[in-house]
Structures are given as structure tokens and as C-alpha cells.
Amino acid sequence: KKMPYYAPIFQKRRELKKIKTKILVREGRGVKKNNKFNEYRFLPLDIPSPATINIYDNKVAIMIWEETAQGIVIENENVNKTFQKYFELLWEKAKR
């Protein structure tokens, strides 16, 4: 909803580069089913989610979806590894 113009372009670029993603979303959100580029797992609806976190390369990008979107990119190998571990823990606990 917040990125109606850019989101489809970003997704198309990822698919052209054959980049696969694992995506955690809250239950009840209208998402597509798993496909060859996206694998979804679901967290309880009562977990607040005002931000999107992308973990890639040696970076962590955090987007905060408020009236005016804000973002921060942290380029640090140790921070990246820490966020990867957090994600892996949530991924294992999330519903398929």
C-alpha cells in the first residue's frame, strides 16, 4: 500500500536477477502463495510490524512506514550477521 509505484518494479528486478527471498508476514495479510522467487512464513497478527527489514550483502535496511516513510541502511558485517540470526530464529518459529 505504501509503495504502489516502486514495489512492482523492485519485484520485477529481483525476478530478472533470479534473487530468491524469504519473507515473514503477519497472519491474515493478503499475500501470494510461495513461488519460485518468494517463500512466505507467517507470524501472529498481534506482533506489531511498523517497519520492514531487509537483510542483504553486508547491509541491513530498515524502512519505517509512517505518514512520511523513513529509512536507514547499516553497512556492517557484524550487524548483518546478527540480524540474519534474528531472522533465522523467527523463520523457524513462524507458521508455514
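# Reading a predicted structure

User: Asp-57: buried or exposed?
Analyst: Asp-57 has a relative accessibility of 62%. This comes from a predicted model, in which local features need pLDDT of at least 70, side-chain atom pairs count only at pLDDT 80 or more, and totals for chains, interfaces and linings use all residues. Residues are numbered from 1 along each chain as its sequence is written, and side-chain values use heavy atoms, leaving out hydrogens and water. With buried defined as under 20% relative accessible area, exposed as over 50% and partly exposed as in between (1.4 Å probe, protein chains only), Asp-57 counts as exposed.

User: Where is Asp-57 found, and what is its phi near?
Analyst: Helices (H or I, at least four residues) and strands (E, at least two) are DSSP runs that are numbered from the N terminus. In those terms, Asp-57 is found in the loop between β3 (51-56) and β4. Most residues other than glycine have a negative phi. Asp-57 is not a glycine, yet its phi is positive, with a value near 45°.

User: Which loop holds Lys-18, and what is the relative accessible area of this residue?
Analyst: Lys-18 is another non-glycine residue with a positive phi, here near 60°. Its place is the loop between α1 (6-16) and β1 (21-26). The side of the cut-off on which Lys-18 falls is the exposed one, its relative accessible area being 63%.

User: How many residues lie between β4 and β5 in their hairpin?
Analyst: Strand β4 covers residues 59-64, and its pairing with β5 is antiparallel and runs over six bridges. Within this pairing, Ile-62 faces Ile-72 of β5, while Met-63 faces Gly-71 of β5. The two strands form a hairpin, and the number of residues between them is five.

User: What is the count of buried residues in strand β5?
Analyst: Strand β5 is made up of six residues, 70-75, and it is hardly covered.

User: How many salt bridges does a search of the whole structure find?
Analyst: Side chains of opposite charge can pair when their charged atoms come close. The rule used here is that a side-chain nitrogen of Lys or Arg must lie within 4 Å of a carboxyl oxygen of Asp or Glu. When the whole structure is searched with this rule, the number of salt bridges is three.

User: How many residues apart in sequence are the parts tied together by Glu-27 and Lys-95?
Analyst: The side chains of Glu-27 and Lys-95 meet in a salt bridge, at 3.1 Å from N to O. Glu-27 lies in the loop between β1 and β2, whereas Lys-95 lies in the segment after α2 (77-93), so the pair ties together parts whose separation in sequence is 68 residues. Glu-27 is partly exposed at 27% and Lys-95 is exposed at 51%, while the separation asked for is 68 residues.

User: Which helix holds Lys-81 and Glu-77, and also Glu-88 and Lys-85?
Analyst: Lys-81 and Glu-77 form a salt bridge at 3.1 Å, N to O, and both are partly exposed, Lys-81 at 44% and Glu-77 at 43%. Glu-88 and Lys-85 form a salt bridge with their closest N and O atoms 3.7 Å apart, Glu-88 being partly exposed at 39% and Lys-85 exposed at 56%. Lys-81 and Glu-77 are four residues apart, about one helical turn, in α2. Glu-88 and Lys-85 are three residues apart, which is again about one helical turn, and their helix is α2.

User: Which side chain of opposite charge is nearest to Arg-41?
Analyst: Arg-41 sits in strand β2 (residues 38-43). Lys and Arg count as positive and Asp and Glu as negative, with His and the chain ends not counted. Arg-41 is buried yet has no salt bridge, and the nearest side chain of opposite charge, 4.0 Å away, is that of Glu-39.

Notes
Pairing = 2+ DSSP bridges.
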